[in-house]
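Here's a quick briefing to read alongside the model. Have the sequence and the 3D view open as you go.

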Amino acid sequence: MTPRHHLDEATIVGYAAGALPTALAVVAAAHLSICRKCRESLRDAEAIGGLLLAQQQAPAVPSTTAREAILAQLSTAQQDPSRKDYEPVRANDPDALPAPLHRYFGPTFSALRWRMVAPGVHRIRATQITNGNLMLLRIGPGKSVPMHSHQGNELTMVLRGSYVDALGHFSPGDVADLDCDITHQPITSPGLACICVAATDAPLRFDSWAARMVQPLIKL
Amino acid sequence: MKVTPLEAKRRVSTTANQSVFDARYWSNQMIAVAQRRDINGFMHIYDYFAPRLQRYLVGLGVNEALGQELVQEAMLRLWRRADLFDPTRASLSTWLFRIARNLYLDHVRSEPTWLPIQEGVAWMDEQEVCMSESMTESYTDQAKLKQAISELSPVQARLVRMSYFEAKSHSEIAQALGMPLGSVKSHLRRAFCKLQSSMRAMP
């Protein structure tokens with residue numbers, strides 16, 4: 001999977017700085033987990049953070065107390081075992097969700113419990129997120145999602161199927177990194193339902209956002 | 001890559017102010033820590049970076065006492081995981097920045113999901129063979145990056161600082177400065193691209 005639509009550089013900076021609302025950070029991590037190009041950019045953004053950290057003006061030396069405290073701990077501190085291995089990404093398993101989504105939605109597509117919110121539109125909301133909104137959306141093939149603009153940021157990654165809008169064709173792995181300046185009208189491709197993970201950072205506006213997306217579909 | 005105390009001292013004295021920004025100098029200190037469990041090398045790193053980590057964390061809104069705790073924790077991690085340090089992949093300051101940022105997200109923002117996700121992404125990153133283009137931290141780069149940071153426009157520099165030093169989201173920055181969200185993102189995008197190209201430019 002080599003994505004053609006990537007994270008906005010501003011989003012990568014936010015991720016590196018620890019400044020992204022959690023919901024957006026989860027979608028960003030899902031894309032990072034399959035996109036080498038964005039991982040390289042992340043490394044650059046972290047290098048900027050490292051240099052900014054090193055360049056700060058700071059008081060000359062730590063206090064004697066702090067120095068003594070850390071020295072005392074060095075002798076007793078065990079060396080960590082080398083990095084534990086993470087479960088290898090099951091890149092070849094078509095049923096596996098990207099690893100960063102597992103905690104919120106479980107590990108596989110087949111175990112997802114969808115809720116219908118409109119004919120042809122299903123949704124699962126992540127409940128543990130307090131900072132922004134995170135959800136999976138499944139939109140039936142060949143459906144037009146009404147023209148909408150965004151309040152705040154919206155980050156969407158296609159997991160299955162695809163859609164087309166004015167910004168191009170979005171296939172699995174691609175992200176649409178949108179802010180309020182953008183109005184678009186995605187149309188899902190025929191044949192396969194389009195499954196996306198979407199995050200917004202405007203918690204109070206979530207319901208209106210979902211309603212705007214879904215309402216005209218109900219009228220279809 | 002052994003650095004004797006004498007060499008280290010000479011490096012410090014001959015390069016004066018430059019040395020503290022010299023990634024190679026700190027990498028060598030770190031390698032001594034990893035290979036020989038060199039306490040002096042460690043304390044040298046500690047004396048320089050601990051106050052800066054403290055300042056960074058307090059800037060993010062962490063109170064002084066918790067900040068001190070997290071700094072000690074970050075430095076202990078450095079000591080315990082020294083063998084994982086790979087100077088061809090990241091400078092010491094970047095390594096410490098990641099540790100401190102992760103501690104902040106973990107302890108202060110209470111985002112228990114961040115760390116496993118972040119470590120997973122970092123782990124994948126480590127599995128990859130370094131492409132020459134992505135070796136952003138080769139030793140000459142930091143000087144160019146430093147230069148490029150100093151050449152950012154005032155508004156770009158401000159947004160970069162608000163992102164890194166205050167961990168403000170794009171929407172929070174937009175609100176704080178009364179600037180459209182789209183402009184915040186495009187300023188940050190342009191700033192990042194400038195800094196990135198400075199790092200990737202051929203020597």
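**Where the two chains meet**

In this predicted model, 62 residues of chain B are in contact with 61 residues of chain A (contact means that C-beta atoms, placed from the backbone, lie within 7 Å). A word on bookkeeping: residues are numbered from 1 along each chain as its sequence is written, while chains are lettered from A and ligands numbered from 1 in the order in which they are written. As the model is predicted, local features need pLDDT of at least 70 and side-chain atom pairs count only at pLDDT 80 or more, whereas totals for chains, interfaces and linings use all residues.

**The chain B side of the interface**

- H3, helix H4 (64–80), H5, helix H6 (114–127), helix H7 (141–150), H8, H9 and helix H10 (181–200) of chain B each put at least two residues into the side that touches chain A. Helices (H or I, at least four residues) and strands (E, at least two) are DSSP runs, numbered from the N terminus.
- H10(B) is the top contributor to that side, with 10 residues.
- Sorted by class, the side of chain B that touches chain A holds 30 nonpolar, 16 polar and 16 charged residues. Here Ala, Val, Leu, Ile, Met, Phe, Trp, Tyr, Cys and Pro count as nonpolar, Asp, Glu, Lys and Arg as charged, and the others, Gly among them, as polar.

**A helix pair across the chains**

- Helix H3 (residues 36–55) of chain A packs against helix H5 (residues 92–108) of chain B at about 95°, and their axes are 7 Å apart. Axes are lines fitted to C-alpha atoms, for helices over the stretch in contact, and angles run from 0 to 180 degrees between N-to-C directions.
- That angle makes H3(A) roughly perpendicular to H5(B) (65 to 115 degrees; under 35 is roughly parallel, over 145 roughly antiparallel, the rest oblique).
- H3(A) contributes A:Glu46, A:Ala47, A:Gly49, A:Gly50, A:Leu51, A:Leu53 and A:Ala54, and H5(B) answers with B:Ser93, B:Thr94, B:Leu96, B:Phe97, B:Arg98 and B:Arg101.
- The residues of this contact of H3(A) with H5(B) split into six nonpolar, four polar and three charged.

**Sheets in chain A**

- Six strands of chain A make an open, antiparallel sheet in the order S1-S2-S3-S11-S5-S8 (strands pair if DSSP finds at least two bridges between them).
- Strand S1 (115–118) and strand S8 (175–178) of chain A are the edges with a single partner strand each, so one side of each has no neighbour in the sheet.
- From one strand to the next, the twist averages 25°.
- Strand S5 (residues 154–160) of chain A runs antiparallel to S8(A), with four bridges joining them; A:Met157 has A:Val175 in S8(A) as its bridge partner.
- Helix H2 (residues 22–32) of chain A packs on this sheet, touching strand S3 (133–139), S5, S8 and strand S11 (194–200) of chain A, and its direction makes about 135° with that of S11(A).
- Chain A also has an open sheet of three strands, antiparallel and ordered S7-S6-S10.
- In that sheet, strand S7 (168–170) and strand S10 (187–188) of chain A stand at the edges, each with a single partner strand, so one side of each is left without a neighbour.
- Two bridges link strand S6 (residues 163–165) of chain A to S10(A), and A:Tyr163 sits opposite A:Thr188 in S10(A).

**Residues to click on**

- A:Tyr15 lies in helix H1 (residues 9–16) of chain A and counts as buried, with 24 C-beta neighbours inside 10 Å. The cut-offs are 20 or more for buried, 12 or fewer for exposed, and partly exposed in between.
- Not counting residues up to four places away in sequence, A:Tyr15 touches A:Leu20, A:Ala25, A:Ala28 and A:Leu42.
- B:Arg37 is not a glycine, yet has a positive phi of about 50°; its place is in the loop between helix H2 (23–36) and helix H3 (39–59) of chain B.
- B:Ala167 has a positive phi near 50° too, and is found in the loop between helix H8 (154–166) and helix H9 (170–177) of chain B.
- B:Arg37 counts as partly exposed, with 14 C-beta neighbours inside 10 Å, whereas B:Ala167 counts as buried, with 22.

**Confidence**

- The predictor gives the complex an ipTM of 0.85 and a pTM of 0.86.
- Chain B has a mean pLDDT of 82, with 78% of its residues at 70 or more (pLDDT is the predictor's confidence in each residue, from 0 to 100).
- Among the elements of chain B, helix H1 (residues 5–15) has the lowest mean pLDDT (45) and H8(B) the highest (96).

Terms used:
Contact = placed C-beta atoms within 7 Å.
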